[in-house]
Every structure is written in structure tokens, then in C-alpha cells.
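The sequence and structure come first.

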Amino acid sequence: RSRRQRQMCIREDIDGCISSVELGVVKEHQGFWSKAFRYFNINPKFSLFADDNLYVVNAAVKAGIENSFQVLEPTSDVNIINEPEAILTIRNIGDLI
């Protein structure tokens, strides 16, 4: 399968999406995670998170999402720290499939 097809498949396994704008808190702030956990009624121990921003990945880990991955490519923001410094890294979101 192509990378695009793999990315589309992962959407079938996602319970939902929400942005930090909708919650009114940036993802680097722990308040985002407590609101997101309540919004989706999820346990962080049984959750998976992926982001290209190392600060956001570290915030997710601190909030209890041990399965937090730093996505190394692609990124739309040239200011993002995009070095493989997180404990768990993937090249792109399709690698989760």
C-alpha cells in the first residue's frame, strides 16, 4: 500500500480528533491533556499520541501517555525541533500501521 493509503487506514482506528484551539489550551500545557482526557473519556495508559513537536510529545508523556511518538517527517513548521530526541520516534504517521 502507498503511504497515503496507510495514513487513511489509521483513521479507522482513531476515536476522534480535537485541536488545542477547541479546548482553549496549548498542547504543551498540562491543562490541555486533562481536558482532552475528559472530552474523550479516555485513560492515558491505553492511549497513543503522535506529534512532530518534541515539546508536545514530552508534554503528552508527562500527562501519562507513555505511547507518545515523535514524528520525524513531514512537518509544516520549520521552527519545530525535529531531531530524533524523543524516547519513541517514527519517520511518518504511516509507520504506526
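## Salt bridges and core

The count comes to 2 salt bridges, a salt bridge being a side-chain nitrogen of Lys or Arg within 4 Å of a carboxyl oxygen of Asp or Glu. The model is predicted: local features need pLDDT of at least 70, side-chain atom pairs count only at pLDDT 80 or more, and totals for chains, interfaces and linings use all residues. Residues are numbered from 1 along each chain as its sequence is written, and side-chain values use heavy atoms, with hydrogens and water left out.

| Salt bridge | N to O distance |
|---|---|
| Lys27 and Asp51 | 3.0 Å |
| Lys45 and Glu66 | 2.8 Å |

Lys27 lies in the loop between H2 and H3 and Asp51 in strand S1 (residues 48-51), so their pair ties together parts 24 residues apart in sequence. Helices (H or I, at least four residues) and strands (E, at least two) are DSSP runs, numbered from the N terminus. Asp51 counts as buried at 11% relative accessibility, while Lys27 is partly exposed at 25%. Here buried means under 20% relative accessible area, exposed over 50%, and partly exposed in between (1.4 Å probe, protein chains only).

The largest nonpolar core has 13 residues, among them Leu23, Trp33 and Ala60. Such a core is a set of buried Ala, Val, Leu, Ile, Met, Phe, Trp, Tyr and Cys residues joined through side-chain atoms within 4.5 Å. Helix H3 (30-40) and helix H4 (54-62) each give two or more residues to this core, and H3 gives the most, with 4 residues.

Leu23 belongs to helix H2 (residues 20-23) and is buried at 12% relative accessibility. Leaving aside residues up to four places away in sequence, Leu23 is in contact (heavy atoms within 4.5 Å) with Ile18, Phe32, Lys35 and Ala36.
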